[in-house]
Amino acid sequence: SLTDTLGVICQSNDKALTHGGAGAGSSAFVVGIKNAGIPVLDSIINAGIIISAWSSGNSFLYISSRSLYSLALSGSAPSFFKACTKKGVPYRAVACSSIFTALAYLNCGTSGSVVFNWFVNLTNTSGFISWICCCIVYLRFRKACIAQNVTDLPFKSWMQPWGSWCAIVGFTFLSLINGFNVFWPQNWSASSFLTAYVGIPIFLAIYFGYMLFYARGDPWFHDPMEVDLHTGMDEVLAEETPRPVYDKWYEKARIVFE
């Protein structure tokens, strides 16, 4: 049987894409649906986009606040962010992370959109660098496991270590070409170059500044034989052990009464 594919398009110069040429643009998909005269569907698509954006923002707010809280516990961030509610919510870390959400409104103005692009490029570069660091940490962890003959790991991957090396090369490449279009003669400017690559020197400054001034005396790389691979391992294995399944009616009743 043949499967028909239905799509909608809109003109590239449609004013609805950029609200008359100023401000944030609309979705080309939504504009195409509206121009085609399909009722209600454009509003449904917009609702789906809003819900998706809200879910993504909520997820990243959770991650950033808990990361800040963890840094405070480890001594790498001010202890001010250790405070939690009775239910365990680090409200100070959440409040601090929430402040940055207001920066999204920079894109509502033409001049502010330039600053917004700075943050977008900084976020992209930071994401690439974070994955590079994750791969390096894994390679060092794997080397410590081999040196200490630790084989009973909860997770194993047949792609390693080549998968990590490929990821390091790939994300390094993505970091370097994040603003490749600024190297075209017609697009070159110092501000555009700085906007595209400002994340790399910021990361290097923070990392080497931390190692030289805050962690002075600590080794840059720990000896594989001295890496602690056992502390907390019991808790990790316990979390990975599947919980018993109670599917009989009398088992469920016993849990209720207990």
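Colleague: Which helix holds the place of Ser 164?

Modeller: Ser 164 has its place in helix 5, residues 162–176. Residues are numbered from 1 along each chain as its sequence is written, and side-chain values use heavy atoms, with hydrogens and water left out. The model is a predicted one, in which local features need pLDDT of at least 70 and side-chain atom pairs count only at pLDDT 80 or more, while totals for chains, interfaces and linings use all residues.

Colleague: How are helices assigned here?

Modeller: Helices are DSSP runs of H or I with at least four residues, strands are runs of E with at least two, and both are numbered from the N terminus.

Colleague: Is Ser 164 buried or exposed?

Modeller: Ser 164 counts as buried because its relative accessibility is 5%. Buried means under 20% relative accessible area, exposed means over 50%, and partly exposed lies in between, with a 1.4 Å probe and protein chains only.

Colleague: What does Ser 164 touch?

Modeller: Leaving aside residues up to four places away in sequence, Ser 164 touches Cys 135, Tyr 138 and Leu 139. A contact means heavy atoms within 4.5 Å.

Colleague: Which residues does the "transmembrane region" annotation cover?

Modeller: According to the unreviewed UniProt entry, the annotation covers residues 89–106, 118–141, 162–184 and 196–215. UniProt positions are given in the numbering used here, with shortened feature names, and annotations may be inferred rather than shown by experiment.

Colleague: How much of residues 118–141 is helix, and how much of residues 162–184?

Modeller: Residues 118–141 are 100% helix and 0% strand, and their end C-alpha atoms lie 34 Å apart. For residues 162–184 the values are 65% helix and 0% strand, with the end C-alpha atoms 34 Å apart.

Colleague: Changing topic, how many helices and strands does the protein chain have?

Modeller: The protein chain has nine helices and zero strands. Of its 258 residues, 17% are buried.

Colleague: At what angle do helix 1 and helix 2 pack?

Modeller: Helix 1 (residues 28–35) packs with helix 2 at about 165°, and their axes are 8 Å apart. Helix 1 is therefore roughly antiparallel to helix 2. Axes are lines fitted to C-alpha atoms, for helices over the stretch in contact, and angles run from 0 to 180 degrees between N-to-C directions. Angles under 35 degrees count as roughly parallel, over 145 as roughly antiparallel, 65 to 115 as roughly perpendicular and the rest as oblique.

Colleague: Which residues make that contact?

Modeller: Helix 1 contributes Phe 29, Val 30, Ile 33 and Lys 34, and helix 2 contributes Leu 41, Asp 42, Ile 45, Asn 46 and Ile 49. The residues of this contact divide into six nonpolar, one polar and two charged. Ala, Val, Leu, Ile, Met, Phe, Trp, Tyr, Cys and Pro count as nonpolar, Asp, Glu, Lys and Arg as charged, and the others, Gly among them, as polar.

Colleague: And how do helix 2 and helix 3 cross?

Modeller: The axes of helix 2 (residues 41–74) and helix 3 (residues 91–99) come within 8 Å and cross at roughly 125°. The two helices are therefore oblique to each other. Six nonpolar, four polar and one charged residue form the contact of helix 2 with helix 3.

Colleague: Lastly, where does Ile 146 lie, and is Ile 146 buried or exposed?

Modeller: Ile 146 lies in helix 4, residues 110–147, and counts as exposed at 57% relative accessibility.
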